[in-house]
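This report goes through the confidence, secondary structure and contacts of one protein chain. The sequence and the model are shown first.

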Amino acid sequence: MAGYSISYLTLWIYILIPVKTGSHPIQLFGGGSRCQGIVQILRKDVWMPVCNRFWNDTLTAMVCKELNCGNPTGSAVNGETTLSVNTTFLRVTCPDTDLLKACNISFVTEAYCRRPVVINCTDPFVLRLSGGGSSCAGRVEIFHDGVWGSVCDDGWDSLDAHVTCRQLGCGNALQALGASHYGPGPSKIHLDEIGCTGAERDLRDCPARHQHDCTALEHAGVICTNHKAVRVSGGADNCSGRVEVFTDGVWGTVCEDHWFEDEFAMLCNTLGCGSFVRKTCHNHSLSTYTSFICKDTSSLWNCSIYHKNHNICKESKALGVVCKGSLETETSIPTKTSIITTASTAGKMKSIKCTELFSEVKVAGNSKLKEQYSFRNSKLYS
Ligand SMILES: [Ca+2]
Ligand SMILES: [Ca+2]
């Protein structure tokens, strides 16, 4: 019975000695954006849910405003009851004030409250990266006040870039870029002199100026660790050549093992070069070699990706490709190659190995001899 008494004594102490919300951060959790979800307040280093029982529309509006999330989209609703047993909830009371910081918070045990409060606010602030080849690299752009705008590179550093990458689910920042590295973005500049500490969860939580003194040559950009890209080099154009991929922060050549018809189709599609025409093989020219193991996916980036894995790569040459969009498709091709690329077994092409047999390819419209490529004489294997 001692525990019972202490529990109630503790409860009464908490209720009798409430604290102001002002010194305690507030957040919305689990709703898909920082502007929707369970209302939580940080108390004693723990994010604690707020009880639905004592909530009202005025409180909802105050929280939306406090979080720079515009207005409520409706009244609060009850959250799931799946929170762990003995969850301690918070109660917020705001006597005669419309300022959240002036409200009081106190503890309530589950006996008094079984559900957290969930609110939805409009989120007029959307962050994206543009012009960098993936959603995890590019020029920083913000949708705010109904218009897309850029971010000025004054004071733009790795801390600001980290917050940006994490907010986008893109890992951490590899590089903070300025001087309109990805070209000028929207002419409206929403933020200048951003000063994140690096711990913020959202760029709008960082101090910044909304008035700027910047030009179109000063737009900020970033490359995040989750950025993935593919390019070809040494070929006739952007649709043929040795394949190079950017993953985990480095460019690498690709081991030609484990490449099937589906993988080539994804590759040419990712390059924006139409359908797959043929495979070529090269020497590895970059310090990292990367292997792809793909299974039931329509995106190369969903494949398992390995770096410098000798067990997978073995003696593999560097993968090259010619896609439909390339000038090289007009080159006269040794018949063996077309046999390789059209052969299939029950609709699924087998992996094609490179050969020691090299041929020289002339590029249409250009008599210059391009780099050698090789193929195994039409031998397919499982
Ligand atoms: Ca900064
Ligand atoms: Ca400035």
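How many contacts beyond four places in sequence does the model have for residues 1-16, where pLDDT stays under 50? There are 5 such contacts for residues 1-16. Here pLDDT is the predictor's confidence in each residue, from 0 to 100, and two residues are in contact if their C-beta atoms, placed from the backbone, lie within 7 Å.

The model is predicted, so local features need pLDDT of at least 70 and side-chain atom pairs count only at pLDDT 80 or more, while totals for chains, interfaces and linings use all residues. Residues are numbered from 1 along each chain as its sequence is written, and chains are lettered from A and ligands numbered from 1 in the order in which they are written.

**Overall picture**

The mean pLDDT of the protein is 79, and 79% of the residues reach 70 or more. Residues 355-382 also have pLDDT under 50 throughout, and for them the model has 57 contacts beyond four places in sequence. Confidence is lowest in strand β27 (residues 380-381), with a mean of 28, and highest in β14, at 96.

The protein has 6 helices and 27 strands; helices (H or I, at least four residues) and strands (E, at least two) are DSSP runs, numbered from the N terminus. Of the 382 residues, 36% are buried. A residue is buried if 20 or more other C-beta atoms lie within 10 Å of its own, exposed if 12 or fewer, and partly exposed in between, with C-beta atoms placed from the backbone. Among contacts between residues at least 6 apart in sequence, 69% join residues at least 24 apart.

Helix α2 (residues 57-66) has Leu 59, Thr 60, Met 62, Val 63 and Cys 64 as buried residues. Their cover includes β2 (26-33), β3 (36-43), β6 (89-93) and β8 (117-120). Just after α2, Asn 68 has a positive phi of about 55°.

In helix α3 (residues 158-167), the buried residues are Asp 160, Ala 161, His 162, Val 163, Thr 164 and Cys 165. Among the elements that cover them are β9 (126-134), β10 (137-144), β12 (173-177) and β14. Gly 169, which follows α3, has a positive phi near 70°.

Strands count as paired if DSSP finds at least two bridges between them. The pairings of β16 (240-247) are set out below.

| Partner of β16 | Sense | Bridges | Residues opposite each other |
|---|---|---|---|
| β15 | antiparallel | 6 bridges | Val 230 and Val 245 |
| β21 (residues 318-323) | antiparallel | 3 bridges | Gly 320 and Arg 242 |

β15 and β16 form a hairpin with 5 residues between them. The hairpin of β16 and β17 has 2 residues between the strands, and Asp 248 in that hairpin takes a positive phi near 50°.

Asp 237 lies in the loop between β15 (229-234) and β16. Asp 237 is partly exposed because 15 other C-beta atoms lie within 10 Å. Leaving aside neighbours within four places in sequence, Asp 237 is in contact with Ser 326 and Leu 327. The C-alpha atoms of Asp 237 and Leu 327 are separated by 7.2 Å, although the two residues are 90 residues apart along the chain.

**Loop residues with positive phi**

Most residues other than glycine have a negative phi. Glu 193, not a glycine, has a positive phi of about 55°. Glu 193 sits in the loop between β13 (189-191) and β14 (221-224) and is partly exposed, with 18 C-beta neighbours inside 10 Å. Lys 308, also not a glycine, has a positive phi of about 50°. Lys 308 belongs to the loop between β20 (304-307) and α5 (310-313), and counts as partly exposed with 13 other C-beta atoms within 10 Å.

**Ile 293**

Ile 293 is part of strand β19 (residues 288-293). Ile 293 is partly exposed, since 13 other C-beta atoms lie within 10 Å. Residues up to four places away in sequence aside, Ile 293 touches His 258, Cys 303 and Ser 304. Ile 293 and Ile 305 are 12 residues apart in sequence, with a C-alpha to C-alpha distance of 6.5 Å.
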